[in-house]
Amino acid sequence: MTATTKLAPPASTGHPAGLSTLFFTEMWERFSYYGMRALLTLFMVAPVAEGGLGFATPDAARFYGNYTMAVYMLPIAGGYLADHWLGARRAVLIGGMIIACGHFTLALHSLTSFFLGLVLIALGSGLLKPNISAMVGGLYAKDDPRRDAGFSIFYLGVNLGAFLAPLVTGYLAQSAAFKSWLASQGFDPAQSWHWGFAAAGVGMTLGLASYLWHADRLAGVGHAPPDAQLPLAKTAAVLAGTVALMGLAALSDRSGYEALRLMFVILPVAAVVYFARRADLDGQRLAAVFAFFLAAMVFWALFEQAGFTLALFADQATRGDLFGIAFPSSWFQALNPLFVIALAPVFAWGWVRMGTRQPSSAIKFTLGLAFLTLSYLLMVPAAALTAGGKVSPLWLVGLFFLQTVGELCLSPVGLSTMTKLAPPSLVGLILGLWFLAASFGSKIAALLGGEFQTADAGQLAAFFGGLAAVAALATLGMGLAAPWLKRLMGDVK
Ligand code: PHE
């Protein structure tokens, strides 16, 4: 690890030059992911006459949930393949190419290309997402004081891409201006969705171009292990395990198999109990890892409403103009990344300023969940007001602000806590677990939103009230567990 810092010469920013390569590649990859995601739900439920797929909401929820679950579950397999065979560098390149193909496939209008495109994006993300983060880590020695700042800069790239994407793809897919341009050029304006998806593909292609162009800056990181020999039996087990887990979760959609959903809770709880009973330090820390896993899973289940139920609320129940200026409903998806960009520096400054007096990781997680509670409490009156017609966009602005404060209390903190708690030989695996929490969370998010509708204001208020109640319970649970978690973590802060 230390040798890599020497190989990567510091750029003028004081960070290894390779950081800029990874920054722009991830910025464009996230541009493609969130640009596409901003349209996905709306495209699925849009009537066929308007160029959509005409899916009923519960069907759209199933596809959306299984897709987002796969995007964050496949990194377990992708990380494994890179560590033992491909190397992170090649995994990112191949993953990026598959992702681009996926978005371009979505640019075609057919049901087959729709499903094929989603499968390709999920597979490519599995190769790209974990390995690009691992390479960021590889640019710095373990004890390099610039390491955390490097990850924060990288997270800025993520959110810059996520912010710009819905503005572009939403304009192409939803705006009257672009539709009339399409018509004037002899194109079918109802096909505007596919121009949005194609723009996501162009974004990923730009990411690949900048990755290849500045690959030399990555000298020394992400190479395949010298004795790269894929351990076949173990690899087959990892791949089969990942596919089986996804299969079981997807199977739980079917009537008669709903009980399978209990695994989302039973697996992590069993792991906490199992490890907590072990007396050694690693056992205690792994118990803490799984407790954080549980809290993160609940957090993402509520937070990931953004791409589905909240996208529908924005489209169907919110006025699409601010101060007299009309905008497409998918633009609401730009608010979370915008607030991350604005608030992340404030948080970084705040934690440094508090120094040793800053709250423990468990308390930060509790705060994250508390802000989610507030965000959904805010939506209860907003939902009630929909009885009188579409409501002000400021409600969703408020929700995304509160949720972003919650995200910044939990997401970056969680990543660093997990890696610190992991026994050194298991860091990669624990990183995979962190993605798994997001994966289970995304699936649960869609399960919660399966029956979503905006026609009945009372039911809508009850829906958001229910989410607030789940968040409040999780906040309480995490708050009560905090002192115990602090003990389990020992000297890890
Ligand atoms: N905005 C983050 C990203 O896209 C959300 C996220 C956090 C996803 C943690 C997965 C795991 O990277």
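This is a predicted model: local features need pLDDT of at least 70, side-chain atom pairs count only at pLDDT 80 or more; totals for chains, interfaces and linings use all residues.
Which helices each supply at least two residues of the lining of the second largest pocket?

**View A. Helices contributing to the lining of the second largest pocket.** At least two lining residues come from each of helix H2 (18-45), helix H6 (147-174), helix H7 (176-184) and helix H12 (309-317). The most is given by H12, which provides 4 residues. The lining also spans a domain assignment, as at least three of its residues are drawn from each of domain 1 (15-231) and domain 2 (256-493).

**View B. Volume and lining residues of the second largest pocket.** The space in this pocket amounts to about 430 Å³. Its lining consists of 23 residues, and those nearest the centre of the pocket are Leu42, Gln174, Trp193, Asp315 and Ser329. Sorted by class, the lining comprises 12 nonpolar, 6 polar and 5 charged residues.

**View C. Crossing of helices H6 and H7.** Two packed helices are described by the angle between their axes and the distance between the axes. For H6 and H7, the axes come within 6 Å and the crossing angle is roughly 55°. H6 is therefore oblique to H7. The handedness of this crossing is right-handed. Both H6 and H7 are also among the helices that each supply at least two residues to the pocket lining shown in View A.

**View D. Crossing of helices H13 and H15.** Helix H13 covers residues 335-354 and helix H15 covers residues 394-421. Their axes cross at roughly 45° and come within 9 Å. This angle makes H13 oblique to H15. The H13 and H15 crossing is right-handed.

Notes
Residues are numbered from 1 along each chain as its sequence is written. Side-chain values use heavy atoms; hydrogens and water are left out. On a 1 Å grid over the protein atoms alone, a cavity is a set of points where a 1.4 Å probe fits but cannot get out, and a pocket is an open set with protein on both sides within 12 Å along at least five of seven lines; lining residues have an atom within 4 Å of a point. Grid points are joined across faces, edges and corners, and a volume is the space filled by probe spheres set on the points. Ala, Val, Leu, Ile, Met, Phe, Trp, Tyr, Cys and Pro count as nonpolar, Asp, Glu, Lys and Arg as charged, and the others, Gly among them, as polar. Domain bounds come from an automatic or database domain assignment. Axes are lines fitted to C-alpha atoms, for helices over the stretch in contact, and angles run from 0 to 180 degrees between N-to-C directions. Angles under 35 degrees count as roughly parallel, over 145 as roughly antiparallel, 65 to 115 as roughly perpendicular and the rest as oblique. A crossing is left-handed if the near helix is turned anticlockwise from the far one by less than a right angle, and right-handed if clockwise.
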